[in-house]
Amino acid sequence: MQIANTTAIVTGGASGLGAATAAALAAGGARVVALDLATACESGPAVEGVEYVPTDVTSEEDVRAAVARASDDPARPLRIVVNCAGIGPSARIVGRKGVHDLGLYRKVVEINLIGSFTVLAVAAEAIAATEPDTDADGQRGVIINTASIAAFDGQVGQAAYASSKGGIVGLTLPAARDLAQYGIRVLTIAPGIVETPMLATVSDEFRAGLAAGVPFPQRLARPEEYAKLALAVIDHDYLNGEVIRMDGALRMAPR
């Protein structure tokens with residue numbers, strides 16, 4: 001799948017994994033529509049070739065408007081979607097303050113899983129309506145979702161987060177099979193511990209402890225490495241229906 005002269009949607013595109021991916025796609029010649037909350041769009045980076053569109057991924061109305069905006073240039077058809085929007089609060093099922101906040105659990109699943117599915121489904125409808133690429137396979141697009149190694153190695157306090165990311169993993173193959181008839185590939189990247197704004201509040205000592213647990217390279221991943229993998233996945237036309245771990249061989253301990 002060629003990147004140049006196409007349009008790409010990146011959710012969570014104003015910071016972290018999404019910002020790095022949006023910048024990499026723009027550098028590759030794509031028109032990028034970066035979706036994020038209004039506050040993030042206002043304070044996020046200004047990258048040439050990236051248009052920041054305030055969007056709540058839990059709102060079907062917002063998502064449909066954003067996809068319509070990304071589909072308004074026939075010369076640069078919508079071909080690429082990368083879902084990076086997500087949250088990762090921590091809470092035990094039964095803790096010192098009582099039972100896990102059920103509203104928080106619902107919110108995590110709503111943003112991380114249902115939000116990703118909403119963008120995937122609405123964008124897939126738009127991509128399916130485009131003319132296929134000129135290659136022999138007749139492909140139209142590729143959608144990349146973001147899970148986490150927590151989907152496999154969820155730690156204490158990650159019940160909500162691991163559930164939402166496990167849902168992303170389970171969505172990958174049936175989505176790829178559903179959308180195969182339209183020439184749309186679906187894949188998932190499951191990152192390990194990445195140096196993102198989610199870690200901005202922790203101490204250097206704590207960050208060093210996290211890095212020490214990674215077999216090799218013994219450091220935290222960088223958002224640019226996620227972006228590099230996303231571009232490799234887009235380029236590799238025979239990758240489909242797969243979950244790819246990007247974690248330096250890390251397997252998380254219970255806590």
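Leaving aside neighbours within four places in sequence, Thr 196 is in contact (heavy atoms within 4.5 Å) with Leu 17 and Pro 223. Thr 196 belongs to the loop between β8 (184-191) and α7 (204-212); helices (H or I, at least four residues) and strands (E, at least two) are DSSP runs, numbered from the N terminus. With a relative accessible area of 16%, Thr 196 is buried, a word that here stands for under 20% relative accessible area, against over 50% for exposed and partly exposed in between (1.4 Å probe, protein chains only).

This is a predicted model, in which local features need pLDDT of at least 70 and side-chain atom pairs count only at pLDDT 80 or more, while totals for chains, interfaces and linings use all residues. Residues are numbered from 1 along each chain as its sequence is written, and side-chain values use heavy atoms, with hydrogens and water left out.

The sheet comes next. An open sheet is formed by 7 strands in the order β3-β2-β1-β4-β7-β8-β9, with parallel pairing; two strands pair if DSSP finds at least two bridges between them. At the edges stand β3 (50-54) and β9 (243-246), each of which pairs on one side only. Neighbouring strands are turned by 20° against each other on average, direction ignored; axes are lines fitted to C-alpha atoms, for helices over the stretch in contact, and angles run from 0 to 180 degrees between N-to-C directions. Helix α4 (residues 102-128) packs on the sheet, where α4 touches β1, β4 (78-83), β7 and β8, and the direction of α4 makes about 175° with that of β4. Strand β7 (residues 141-146) runs parallel to β8 and is joined to β8 by 6 bridges. Asn 145 has Thr 188 as its bridge partner in β8.

A nonpolar core is a set of buried Ala, Val, Leu, Ile, Met, Phe, Trp, Tyr and Cys residues joined through side-chain atoms within 4.5 Å. The largest one has 28 residues, of which Leu 25, Val 32, Ile 80, Val 82, Ile 144, Tyr 226 and Ile 234 touch the most other members. At least two residues of this core come from each of β1, α1 (16-27), β2 (31-36), β3, β4, β7, β8 and α8 (223-235). A second, separate core of 26 residues includes Val 81, Ala 124, Ala 175 and Leu 179.

Thr 6, in the segment before β1 (7-11), is buried with a relative accessible area of 6%. Not counting residues up to four places away in sequence, Thr 6 touches Ala 30, Arg 31, Arg 76, Pro 77, Arg 79 and Ile 80.
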